[in-house]
Amino acid sequence: MKAGGGPGPGREGADVRIGVDGGGTRSRALAGDREGRELGAAGGGPGLIDPAAPGDAAKAVAAVAREAAERARVRLPARALWAGLAGAGNEPARAAVEKELRGAGLARRVVVGSDVEAAHADAFGDGPGVLLVAGTGSVVRAVDPRGEVATAGGWGALLGDEGGGYGIGLDGVRAVLRSADGREPPTDLTDALLSETGAGGPRELAGWTAGASKGEIAALSVTVAKVSKTGDSVAARVVHRALYAVREHLEAVLGRTSGWGGRPPVALVGGLVREGGVLREAVAEAAAGAGYEVRREEVVPERGALRRAVGLGG
């Protein structure tokens with residue numbers, strides 16, 4: 001099948017389910033059979049739902065879903081598509097994306113949920129557990145043994161994202177600007193972020209930030225974290241504030257859930273805390289200090305989205 005959706009040789013779509021995970025930096029899709037066995041995968045651009053332009057997320061989902069189907073040699077429409085997208089908490093925008101996807105001929109049944117739900121499904125299935133997301137954005141979601149759900153964070157770039165890549169990257173830029181004013185000591189973050197962005201000085205850095213995407217600013221968090229590990233006090237304070245926010249999120253959901261019967265399990269997902277991520281060990285330590293048992297298994301959100309799609313497909 002070509003990416004445009006035309007017929008081609010291969011498996012009938014009625015036997016296939018598609019799961020999609022979309023965040024502020026990229027989107028990923030898995031096509032699988034009725035048992036959830038993976039048949040094809042694809043990756044693409046950001047799948048974050050922008051309330052001002054929800055159609056952009058729908059286009060990103062459609063593109064990676066079609067590519068995954070092509071790689072699986074599947075003729076669309078599939079039996080079911082379940083897409084977990086960042087920003088799905090805005091109900092009108094979520095509904096608009098779902099409506100557009102239903103009209104795209106991708107699947108007979110389409111549901112749009114959140115990227116956090118997709119990751120939780122991979123980490124814990126339908127069971128209890130706590131998911132800590134530290135990627136472009138940040139959120140903690142707990143499902144306790146009674147089935148009660150509590151979340152902390154996830155309020156988006158303008159009002160939240162403390163402890164996520166966007167928040168750390170933006171705080172790093174602010175620290176450089178404060179240093180230029182003399183409100184912070186001289187910091188190696190200045191040269192590091194100027195080099196990373198190609199800016200000629202703090203004022204150019206401010207201009208670059210004003211025009212940068214959420215993903216571009218979030219990418220600076222890796223540089224901030226690396227500089228913090230060299231002993232730079234300014235960068236270390238940026239990271240400390242992020243870790244403090246992460247612990248606050250964890251303590252908040254622990255206080256609003258019950259019935260654990262021990263240390264609740266927490267799984268980590270997102271670019272900053274995946275295996276080898278620059279803040280994985282620091283965040284794991286913060287979680288353990290807040291009373292959690294940290295799971296080391298990798299969380300694959302698109303695999304969780306495929307699991308949800310299998311549940312829809314009958």
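Visitor: Does Thr 223 count as buried or exposed, and why?

Guide: This is a predicted model, in which local features need pLDDT of at least 70, side-chain atom pairs count only at pLDDT 80 or more, and totals for chains, interfaces and linings use all residues. Residues are numbered from 1 along each chain as its sequence is written, and side-chain values use heavy atoms, with hydrogens and water left out. Buried means under 20% relative accessible area, exposed over 50%, and partly exposed in between, with a 1.4 Å probe and protein chains only. Thr 223 counts as buried because its relative accessibility is 12%.

Visitor: Where is the place of Thr 223, and which residues does Thr 223 touch, not counting those up to four places away in sequence?

Guide: Helices (H or I, at least four residues) and strands (E, at least two) are DSSP runs, numbered from the N terminus. Thr 223 lies in helix H8, residues 214-228. Contact means heavy atoms within 4.5 Å. Not counting residues up to four places away in sequence, Thr 223 touches Ala 192, Leu 193 and Glu 196.

Visitor: Which residues touch the most other members of the largest nonpolar core?

Guide: In soluble globular proteins, nonpolar side chains tend to be buried together. A nonpolar core is a set of buried Ala, Val, Leu, Ile, Met, Phe, Trp, Tyr and Cys residues joined through side-chain atoms within 4.5 Å. The largest one here has 43 residues, and Val 130, Leu 132, Leu 189, Leu 250 and Val 266 touch the most other members. Helix H9 (residues 233-255) supplies the largest share of this core, nine residues. A second, separate core of 30 residues includes Ala 65, Ala 68, Ala 69 and Ala 93.

Visitor: At what angle do H9 and helix H10 pack?

Guide: Two packed helices are described by the angle between their axes and the distance between the axes. Axes are lines fitted to C-alpha atoms, for helices over the stretch in contact, and angles run from 0 to 180 degrees between N-to-C directions. H9 and H10 (residues 280-289) pack at about 40°, with their axes 9 Å apart. H9 is therefore oblique to H10; angles under 35 degrees count as roughly parallel, over 145 as roughly antiparallel, 65 to 115 as roughly perpendicular and the rest as oblique. In H9, Leu 243, Val 246, Arg 247 and Leu 250 meet Ala 282, Val 283, Ala 286, Ala 287 and Gly 289 of H10.

Visitor: Is Arg 280 buried or exposed?

Guide: Arg 280, in helix H10, is buried, with a relative accessible area of 3%. Leaving aside neighbours within four places in sequence, its contacts include Glu 275, Arg 295 and Arg 296.

Visitor: How do helices H6 and H7 pack?

Guide: Helix H6 (residues 189-197) and helix H7 (residues 202-211) pack at about 50°, with their axes 10 Å apart. This makes H6 oblique to H7. Leu 193, Leu 194 and Thr 197 of H6 and Pro 202, Leu 205 and Trp 208 of H7 make the contact.

Visitor: Is the peptide bond from Leu 76 to Pro 77 cis or trans, and is phi of Arg 73 positive or negative?

Guide: Most residues other than glycine have a negative phi, and most peptide bonds are trans. The bond from Leu 76 to Pro 77 is cis, with omega near 10°. Pro 77 is found in the loop between strand S5 (74-75) and strand S6 (78-85). Phi of Arg 73 is positive, near 60°. Arg 73 lies in the loop between helix H1 (54-71) and S5, and is partly exposed, with a relative accessible area of 47%.
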